[in-house]
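Please read them with the coordinates open.

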Amino acid sequence: MYLWIKALHVISIISWMAGMLYLPRLFVYHTDAAPKSDKSETFKIMERRLLFGIMTPAMVVAWLTGLSLATEAGFFRSPWFHAKLLFVSLMTLSHFMLAKYRRDFSLDLNARSSGFYRVINEIPTLLMIFVVVLVIVKPFG
């Protein structure tokens with residue numbers, strides 16, 4: 001069963017990361033759309049479906065399967081895993097931050113520039129790099 005859970009974990013991470021990289025990019029383009037325009041309303045639908053239809057379920061499955069795998073493999077005793085948990089927790093905070101920005105757009109209350117969202121778009125990438133290095137290299141034993 002371990003390998004099936006691991007496969008589901010990897011699938012959910014890929015899905016979550018795809019959304020974490022795409023949603024801020026949608027925000028970049030959404031900032032150029034006039035509030036209440038057809039373009040803006042289309043972005044609102046895309047953002048909502050991405051967040052609630054893909055990203056949030058994938059995040060939940062990633063956490064559940066990850067904790068299951070960690071328990072089964074005894075990773076909670078490993079320092080590299082503690083560091084990984086820190087970065088995954090930061091990724092989760094980023095997820096909720098993006099959800100807040102999506103809500104602002106949905107209410108036509110966005111006050112941030114496209115440049116802001118271009119910078120925000122880099123956060124999940126950096127966090128993903130740290131997580132992958134920790135999982136593959138296990139630098140702390």
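Predicted model: local features only at pLDDT ≥ 70, side-chain atom pairs only at ≥ 80, totals over all residues.

The points below go from the overall fold to single residues.

1. The chain has 5 helices and 0 strands. Read from the N terminus, its elements run α-α-α-α-α.

2. Dimensions and burial. Along the principal axes, the C-alpha atoms fill a box of roughly 50 × 30 × 15 Å. The chain has 141 residues, and buried residues make up 37% of them. Take the contacts between residues at least 6 apart in sequence: 79% of these join residues at least 24 apart.

3. Packing of α1 and α5. How do these two helices run relative to each other? Helix α1 covers residues 2–30 and helix α5 covers residues 122–137. Their axes are 8 Å apart, and the packing angle is about 150°. Angles over 145 degrees count as roughly antiparallel, and α1 and α5 are therefore roughly antiparallel to each other.

4. Residues in that contact. On the α1 side, the contact uses M17, M20 and L21. On the α5 side, P124, T125 and M128 meet them. By residue class, the contact of α1 with α5 divides into 5 nonpolar, 1 polar and no charged.

5. Aromatic pairs. How many aromatic pairs are there? The count comes to 11. The pair of F75 and W80 is edge-to-face, with 5.0 Å centre to centre and 65° between the planes. Planes over 60 degrees apart count as edge-to-face. F75 is partly exposed, at a relative accessible area of 23%. W80 counts as buried, at 3% relative accessibility.

6. A charge over the W80 ring. K138 lies over the face of W80. The distance to the ring centre is 4.8 Å. So W80 takes part in an edge-to-face pair with F75 and also has K138 over its face, while counting as buried because its relative accessibility is 3%.

7. Aromatic cluster. Which residues do ring pairs link into a cluster? They are F27, Y101, F105, F116 and Y117. Please inspect these rings together in the viewer.

8. A70. This residue is found in helix α2. Is A70 buried or exposed? A70 is buried, with a relative accessible area of 1%. Leaving out residues up to four places away in sequence, A70 touches F75, F76 and F81. F75 is also a member of the edge-to-face pair with W80. A70 and F81 are 11 residues apart along the chain, and their C-alpha atoms are separated by 8.4 Å.

9. S40. Helix α2 spans residues 38–73, and S40 lies in it. S40 is buried, with a relative accessible area of 1%. What does S40 touch, not counting residues up to four places away in sequence? The list is H30, A33, A34, P35 and D108.

10. A99. Helix α3 runs over residues 79–106 and holds A99. A99 is partly exposed, with a relative accessible area of 22%. The cut-off for buried is under 20%. A99 and S89 are 10 residues apart in sequence. In space they are 15 Å apart, C-alpha to C-alpha.

Key. Residues numbered from 1 in each chain as written. Heavy atoms only, no water. Axes fitted to C-alpha atoms, helices over the stretch in contact; angles between N-to-C directions. Helix = DSSP H or I, 4+ residues; strand = E, 2+ residues; numbered from the N terminus. Parallel < 35°, antiparallel > 145°, perpendicular 65-115°, else oblique. Contact = heavy atoms within 4.5 Å. Nonpolar A, V, L, I, M, F, W, Y, C, P; charged D, E, K, R; others polar. Phe/Tyr/Trp six-rings, centres within 6.5 Å; stacked < 30°, edge-to-face > 60°. Buried < 20%, exposed > 50% of the residue type's maximum accessible area, 1.4 Å probe, protein only. Lys NZ or Arg CZ within 6 Å of the ring centre and 35° of its normal.
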